[in-house]
Amino acid sequence: MSSWRYHRPATVAEAVRLLDTGGAVLLAGGQTLVPALARTPARSATLVDLGAIAGLRDITASDAEIRIGAMATHTRIATDPVVRQGIPSLARLAFDIADPQVRNRATIGGSVAYADPAGDYPAACLGLSATVITDRRRIPAAEYFTGAFCTALTDSEMVVALSFPTFPQLLRAAYVRLPNRTARSALVGVMVAEAESGFQVAVGGLASGPLRWPEAEAALDNRLHPEALQDLACPLGASDYLAHMARALAVRAVQSLAT
Ligand SMILES: Cc1cc2nc3c(=O)[nH]c(=O)nc-3n(C[C@H](O)[C@H](O)[C@H](O)COP(=O)(O)OP(=O)(O)OC[C@H]3O[C@@H](n4cnc5c(N)ncnc54)[C@H](O)[C@@H]3O)c2cc1C
């Protein structure tokens, strides 16, 4: 017999309390979770819908960072003037995801919580040195993504927002993806960011989850010269094909930054 429970808390504290009781799952845009639940033979779940929590969709800018609430949809991120001005590469990335139906429902919080290696946000968060803000701590993206579909979140922890550095910490960035036309996700995606401290390059789409690409960062050596990327060693775990594509996308990202 199926047994479903549905809660729609008004605060983060209440959502986390419900999560803490065990067996509950957070529901954000539902674009991944709902089809997954429909396939679950047990047909029993406690859903904690985050849609009524005030402030979780907010996008604000302050002190050289943009804070994006976990429930901000891809459409919101693609069209928000603060994101478009401060991190245009992120707005563009959001605009290129799937189709309007998915973009109008799916959220950045759901995306980073799910940590699909084919997702676009994980590599972007890594390349842009984002910080994942949960109900209890701040986790740098480099420590947050621990593998494919794996994160540093504990079972009862909830993503509340993401913080992205902006100027002067981030000077400019470009994200280029090779779309997987069948799955409508990215086959491989590369974020190249020019930060105060130098170039940051991250690759998504690898079986191992998103990775920084130190060889590419060293090759750029503080100068925008795409030819330095042509013969680079592959990112860890990439097949020959993905490595080839990652190099080609990195070159395109650097070229777009140079123009
Ligand atoms: C047809 C299709 C095409 C897609 N194409 C792309 C693409 O090209 N690029 C791309 O990046 N993504 C793509 N996606 C994925 C999509 O963008 C979302 O990232 C994904 O569906 C999850 O977001 P959601 O808000 O729907 O989360 P949900 O489905 O509601 O939740 C996903 C998981 O995250 C957990 N969760 C949700 N919110 C939180 C939170 N705040 N804290 C902790 N845990 C949480 C849930 O419990 C669940 O386990 C695609 C999805 C579909 C259906």
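Q: What makes β4, β5, β10, β6 and β7 an open sheet, and in which order do they lie?
A: The five strands line up as β4-β5-β10-β6-β7, with antiparallel pairing. Here a strand is a DSSP run of E with at least two residues, a helix is a run of H or I with at least four, and both are numbered from the N terminus. Two strands count as paired if DSSP finds at least two bridges between them. The edge strands are β4 (59-62) and β7 (138-140), and each pairs on one side only.

Q: How do you know that β5 and β10 pair?
A: Strand β5 (residues 65-69) and strand β10 (residues 159-165) share five bridges in the antiparallel sense, and the rule asks for at least two, so they pair. As one example, Ile 66 has Phe 164 in β10 as its bridge partner.

A word on the model: it is predicted, local features need pLDDT of at least 70, side-chain atom pairs count only at pLDDT 80 or more, and totals for chains, interfaces and linings use all residues. Residues are numbered from 1 along each chain as its sequence is written, and side-chain values use heavy atoms, leaving out hydrogens and water.

Q: Why is the pair of Tyr 114 and Phe 149 called edge-to-face?
A: Ring centres of Phe, Tyr or Trp (its six-membered ring) must lie within 6.5 Å to pair; planes under 30 degrees apart are stacked, over 60 edge-to-face, and the rest tilted. The centres of Tyr 114 and Phe 149 are 5.2 Å apart and their planes stand at 65°, so the pair is edge-to-face. Tyr 114 belongs to helix α7 (residues 108-114), while Phe 149 is in the loop between β8 (145-147) and β9 (150-151), 35 residues apart.

Q: Why is the pair of Tyr 144 and Phe 145 edge-to-face?
A: Their ring centres are 4.8 Å apart and the planes meet at 85°, so this pair is edge-to-face as well.

Q: Are Tyr 144 and Phe 145 buried or exposed, and how do you know?
A: Buried means under 20% relative accessible area, exposed over 50%, and partly exposed in between (1.4 Å probe, protein chains only). Tyr 144 has 0%, so this residue is buried. Phe 145 has 8% and is therefore buried too.

Q: What makes Tyr 114 partly exposed?
A: Its relative accessible area is 39%, so Tyr 114 falls in the partly exposed class. Phe 149, at 45%, counts as partly exposed too.
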